[in-house]
Amino acid sequence: MSIRAPPRLLELAGQSLLRDQALAVSAMEELPRVLYLPLFMEAFSRRHFEALTVMVQAWPFTRLPLGSLMKTLHLETLKALLEGLHMVLTQKDRPRRWKLQVLDLRDVDENFWAVWPGAWALSCSPEATSMRQTAEDCPRMGEHQPLKVFIDICVKEIPQDECLRYLFRWVYQRRGLVHLCCSKLVNYLTPIKYLRKSLKIIHLDSIQELEIRNMSWPRLIRKLRCYLKEMKNLRKLIFSRCHHYTSDNDLEGRLVAKFGSVFLRLEHLQSLKIKLVTFFSGHLEQLIRCLQNPLENLELTCGYLLEEDVKCLSQYPSLGYLKHLNLSYVPLFRLSLEPLGALLEKVAATLETLILEGCQIHYSQLSAILPGLSCCSQLTTFYFGRNFMSVDALKDLLRHTSGLSKLSLETYPAPDESLNSLVRVDWEIFTPLRAELMQTLREVRQPRRIFIGPTPCPSCGSSPSEELELHLCC
């Protein structure tokens, strides 16, 4: 039988103080630091809004990571806190104990609240508090500098989400006193006007990850280019299912050139992902040559590339240090793969993930990429399913992976010889062929997680993943 630990004296003191809100409010300026966090958490959980309003006005720490305490924004709580902040920010002489520099509404830094009050006598010193901040998120500021409010935003929520609407309005009305910082911004199925309204309020150089889905390419480039150019600390840029309705190749070229000019300003970009890449077919070089920083992650998926697009991949220094390359579901069966082989040789010392799933690569093209692939000593993940391979071609491919000692997850298609007239697997033929392939592989190295055959698996329904063990269930 477990015995529940009795409440600590600090807990009891906080609970007693909150029973009399008038007393709690009057005591804030003199409240010992060791009581501040447990009292705030108690007021927060019991929704003592008046106490929260006053507590935030005398906040003795440089950060308030509210997002990790409030997983989902609660409007009344948010209003109480922002009301208290407004009173402080508009004062000429601010409270002597108030040290707040950053209000963090992201779900981060749970340790701030997890350290129990007994440890705060030591850990709440200015030095210890400063060590818990990151220089990037919370640089030192002088007195009366703007308060930074950090939040990750999904723009699809803004028209409906009362908390976000209230926060945006509050920040907009206090321009100069408050900087809204957003490290991650996602736009999903939202009219472009909502995204532009958000970008007018957010400090653009705070955005590190931007994801835009379901938007017209021409509109995106015309309406958002001026904002994108100011995102100077952008590290990750994702365009998913962005479409276009023009067949004018010259117009596309001009739009891509304008878009490429954005990349001249993005000196910290490390990851570029474009799903449905069709808009850039024939113009990819215009984009790649504008990249200022070596990319670590390049994903061009679910679209079409032309011969000249593939050629440019190995020609520019910005792609010479890739860690992750994803060309899944980009048909490559009519193209020469020598440029792709050259790129693999170029990035052999850094490449960790290579995804060529569903590229319809024919076994006659395989020899162009095997020398480069065999040099990728850091490769841990290789997806090659849904391509057209004979048994002999697959055996040759497996032998060329003999030096890839770090390879821990790999997928391969069923050989052509095992497919019937409907391009479906004939299991009586496939089973012994797969055994041959596994024997060939084991002669050169011991696999870890491997998937050979159609995906998902017709027997168990599983697809390749990091959690999948050696897959031979079919």
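Biologist: Why are helices α11 and α12 called roughly parallel to each other?
Modeller: In this predicted model, where local features need pLDDT of at least 70, side-chain atom pairs count only at pLDDT 80 or more and totals for chains, interfaces and linings use all residues, the axes of α11 (residues 192–201) and α12 (residues 217–228) cross at roughly 5 degrees and come within 10 Å. Axes are lines fitted to C-alpha atoms, for helices over the stretch in contact, with angles from 0 to 180 degrees between N-to-C directions. Angles under 35 degrees count as roughly parallel, over 145 as roughly antiparallel, 65 to 115 as roughly perpendicular and the rest as oblique, so α11 and α12 are roughly parallel.

Biologist: Which residues of α11 and α12 make the contact?
Modeller: Ile192, Leu195, Arg196, Leu199 and Lys200 of α11 meet Arg219, Leu220, Lys223, Leu224 and Tyr227 of α12, where contact means heavy atoms within 4.5 Å. By class, this contact has six nonpolar, no polar and four charged residues; Ala, Val, Leu, Ile, Met, Phe, Trp, Tyr, Cys and Pro count as nonpolar, Asp, Glu, Lys and Arg as charged, and the others, Gly among them, as polar. Residues are numbered from 1 along each chain as its sequence is written, and side-chain values use heavy atoms, with hydrogens and water left out.

Biologist: What makes α18 roughly parallel to α19?
Modeller: The axes of α18 (residues 391–399) and α19 (residues 427–444) cross at roughly 25 degrees and come within 9 Å. That angle makes α18 roughly parallel to α19, and the crossing of the two is right-handed. A crossing has that name if the near helix is turned clockwise from the far one by less than a right angle, and is left-handed if anticlockwise. From α18, Val391, Leu394, Lys395, Leu398 and Arg399 meet Leu433, Glu436, Leu437, Thr440, Leu441 and Val444 of α19. Seven nonpolar, one polar and three charged residues take part in this contact.

Biologist: What makes α4 largely enclosed by the rest of the structure?
Modeller: Seven of the nine residues of α4 (residues 49–57) are buried, so this helix is largely enclosed. Buried means under 20% relative accessible area, exposed over 50%, and partly exposed in between (1.4 Å probe, protein chains only). The buried residues of α4 are Ala51, Leu52, Thr53, Val54, Met55, Val56 and Gln57, while in the chain as a whole buried residues make up 52% of the 474 residues.

Biologist: Why is Glu357 called buried?
Modeller: Glu357, in the loop between β12 (353–355) and α17 (370–374), has a relative accessible area of 10% and therefore counts as buried. Not counting residues up to four places away in sequence, Glu357 touches Ser328, Tyr329, Tyr383, Phe384, Gly385, Arg386, Thr411 and Thr455. A polar atom of the Glu357 side chain lies 3.3 Å from the backbone nitrogen of Gly385.

Biologist: How do you know that the side chains of Arg445 and Thr401 are joined by a polar contact?
Modeller: The two side chains are joined at 3.0 Å, and a polar contact is a pair of N or O atoms within 3.5 Å (within protein, one must be able to donate a hydrogen and the other to accept it, and residues adjacent in sequence count only if both atoms are side-chain atoms). Arg445 lies in the loop between α19 and β15 (449–452), and its relative accessibility is 10%, so Arg445 counts as buried.

Biologist: Why does Arg386 count as partly exposed?
Modeller: Its relative accessibility is 42%, so Arg386 falls in the partly exposed class. Arg386 is in the loop between β13 (381–383) and α18, and its phi is near 60 degrees, a positive value in a residue other than glycine.

Biologist: Where does Asn214 lie, and what makes it partly exposed?
Modeller: Asn214 lies in the loop between β7 (209–213) and α12, and it is called partly exposed because its relative accessible area is 28%. The phi of Asn214 is near 55 degrees, again a positive value in a residue other than glycine. Most residues other than glycine have a negative phi.

Methods:
Helices (H or I, at least four residues) and strands (E, at least two) are DSSP runs, numbered from the N terminus.
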